[in-house]
Amino acid sequence: MSRPDDNPPISGDGFPDAFSTLSVHGGERRSKAGNALVTPIAQTATYTFADTQELCDHHEGRIEREEYGRYGNPTQAVVERKIAALERAGSALVFSSGMNAITTTLFAFLSKGGHMIITDDSYRRTRQFCTKVLTRFGVDVSVVPCGDYDRLESTIKPNTRVLFSETPTNPYLNVLDLERFAAIGRKYRVKTIVDATFATPINSRPIEYGIDLVIHAATKYLGGHNDLLAGAVAGNPPLVAGVKDMLSVLGGVPDPFACWLLLRGLKTLSLRVERQNANALAIARFLEKHPAIERVYYPGLESHPQHAIAARQMRGFGGVVSFEVKGDLEEVSRFIDACRIPRIAPSLGGVESLIEQPALMSFYELSTEERLAVGIKNNLVRMAVGIEDGGSLIADLEQALRVLSA
Ligand SMILES: *Cc1c(COP(=O)(O)O)cnc(C)c1O
């Protein structure tokens, strides 16, 4: 009698803590090499064939096995199954970085003469890839304001192949109406791709709203420990297979150790995100009432322009809080420097809280005027909340904000 060895019987339904269960067990095989509990790592670049017959059986698809490192490794296969389980997608693929997931996916779906639409207020490097790189290869790219669905629809042309957006966006945490975005894609038979890095599958699963492909910078929440770079794409198997073919050519594959770290990080995804949701909401509420704060951007606040959409399609509102401090660039820097717990660094989604002034981090080389043109104010702060004690984070912000009245 063989026991079911593949995906364990965890549908995610009917378990009160289904997300934790999926995080720990989703995608994992019951029996593993060496009877190990934890999925082992095969730190190898290539894989051997016992004989020529096995090689031919592999080519003919009669057996499932590894071939060469660029086409995948056994640890990667398990991470991919876990991400697919968490996203309720048929299939998933892991990459060497979030940008690699984005560029490989767009290369897979776009050709010379094709057109794509990306919403503004999206990750700067993604927009740069679309408007500065894809255009060099004869792809027509339009940028439309995030949240303007009429404009999105009227920008679609007969050669439009992809609609690309993010939710929530960086740094203003605008929330995309996934149902509406997906419906527009379906109506015009255009693929919809959403970078849901800031949401995580714990808070929102775009596939459930009809989005074709969901992308993650797994470097952020999925990895969760600021110790790896990775990206992921999830969706239905034929679409993901097309991206995999492109990945095999472009070569942005994750190495076995990064896959192992990602798999380890994913086990605590739901616990971490629940704490980050709670911490961020408490911090956003604290800041909104603080006299030194001009404005807070957080989808969980009633004051957020898309709070209703967020409340409908998100289980939690995420771990990033953006806010404008009453003060100029230098005064805001003094506040940042006075924080004792959050560290100054780019990135987000890890267990450590991070804080930054976008004007001095991602937009440093721009002038104040150029920054304003892309909507970045000098007094804007982005805090990526970690899993520390929420009370101590608030106490720390409170003491740091005192430098502004000193
Ligand atoms: C960080 C990030 C990326 C890029 O991911 P890398 O792993 O750094 O390449 C893409 N999209 C969003 C929303 C991100 O936050």
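Q: How many salt bridges does the rule find across the interface of domain 1 and domain 2?
A: The rule looks for a side-chain nitrogen of Lys or Arg within 4 Å of a carboxyl oxygen of Asp or Glu. Across this interface, two salt bridges turn up. Arg124 also pairs with Glu365 in a salt bridge, with 2.9 Å between the closest N and O atoms. This is a predicted model, in which local features need pLDDT of at least 70 and side-chain atom pairs pLDDT 80 or more, while totals for chains, interfaces and linings use all residues. Residues are numbered from 1 along each chain as its sequence is written, and side-chain values use heavy atoms, leaving out hydrogens and water.

Q: Into which domains is the protein chain divided, and how many residues of each are in contact?
A: The chain splits into domain 1 (12–266) and domain 2 (269–405), with bounds from an automatic or database domain assignment. Contact (heavy atoms within 4.5 Å) links 36 residues of domain 1 with 40 of domain 2. The C-alpha centres of the two domains are 27 Å apart.

Q: How much area do domain 1 and domain 2 bury between them?
A: About 3200 Å², 52% of it on carbon and sulfur atoms; this is accessible area (1.4 Å probe) lost on putting the two parts together, summed over both. In domain 1, Tyr172, Asn203 and Tyr221 lose the most area to domain 2, together 25% of what that side buries.

Q: Where does the chain leave empty space?
A: Rolling a water-sized probe over the atoms shows this. Here, domain 1 and domain 2 each give at least three residues to the lining of the second largest pocket. A pocket is an open set of points on a 1 Å grid over the protein atoms alone, where a 1.4 Å probe fits, with protein on both sides within 12 Å along at least five of seven lines; lining residues have an atom within 4 Å of a point.
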